[in-house]
Amino acid sequence: MKMFQAQLTLRERPRGFHLITNEIVRAMPQIGEIAAGMCQVFIQHTSASLTINENADPTVREDFETWFNKSVPENDPDYVHTDEGPDDMPAHLKAALLGSSVLIPVNRGRLALGIWQGIYLCEHRNQGGSRKLVISVWGTPL
């Protein structure tokens with residue numbers, strides 16, 4: 001079995017849902033050395049998250065942002081954690097709902113995503129800054 005790990009720093013992005021699949025693949029070319037295995041992508045932040053979903057129609061990402069903003073509104077008077085601005089506590093809640101990692105099978109040197117699937121960076125802050133990912137790949141070598 002082979003195992004590889006890399007860190008990827010993503011450039012700052014505006015609040016919303018952003019496809020990052022190609023950036024992950026470029027940062028971890030060793031995926032091409034794995035016949036059968038797994039790729040885990042982990043985000044080292046508490047106000048952004050990762051998920052897998054539609055990679056073709058950008059309106060899906062817009063609708064995600066709309067739904068999350070309706071479901072977890074800013075300026076809720078019941079929030080106690082408010083020191084970092086009105087988008088901070090909602091960002092933590094959104095990140096908790098979606099999660100901090102995704103796990104993707106690797107098959108014959110490629111991520112085994114479905115034809116319409118892509119990996120999203122879910123940026124929940126208005127000014128989140130750059131985001132750090134840890135990418136781990138392991139499996140049987142080609």
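Is phenylalanine 64 buried or exposed in this predicted model? At 19% relative accessibility, phenylalanine 64 counts as buried (under 20% relative accessible area is buried, over 50% exposed, and in between partly exposed, with a 1.4 Å probe and protein chains only).

View 1. A search of the whole structure finds six aromatic pairs. Rings of Phe, Tyr and Trp (its six-membered ring) pair if their centres lie within 6.5 Å; planes under 30 degrees apart are stacked, over 60 edge-to-face, and the rest tilted. Because phenylalanine 17 belongs to strand β2 (residues 16–19) and phenylalanine 64 to helix α2 (residues 58–71), the pair ties together parts 47 residues apart in sequence. Helices (H or I, at least four residues) and strands (E, at least two) are DSSP runs, numbered from the N terminus. Phenylalanine 17 is buried, at 5% relative accessibility.

**View 2. Phenylalanine 64 with phenylalanine 68.** Their ring centres are 6.4 Å apart and their planes at 15 degrees, so this pair is stacked. Both residues lie in helix α2, four residues apart, about one turn of the helix. Phenylalanine 68 is buried, at 6% relative accessibility.

**View 3. The ring cluster.** Ring pairs link Phe17, Phe64, Trp67, Phe68 and Tyr120 into a cluster.

**Notes.** Residues are numbered from 1 along each chain as its sequence is written, and side-chain values use heavy atoms, leaving out hydrogens and water. As the model is predicted, local features need pLDDT of at least 70 and side-chain atom pairs count only at pLDDT 80 or more, while totals for chains, interfaces and linings use all residues.
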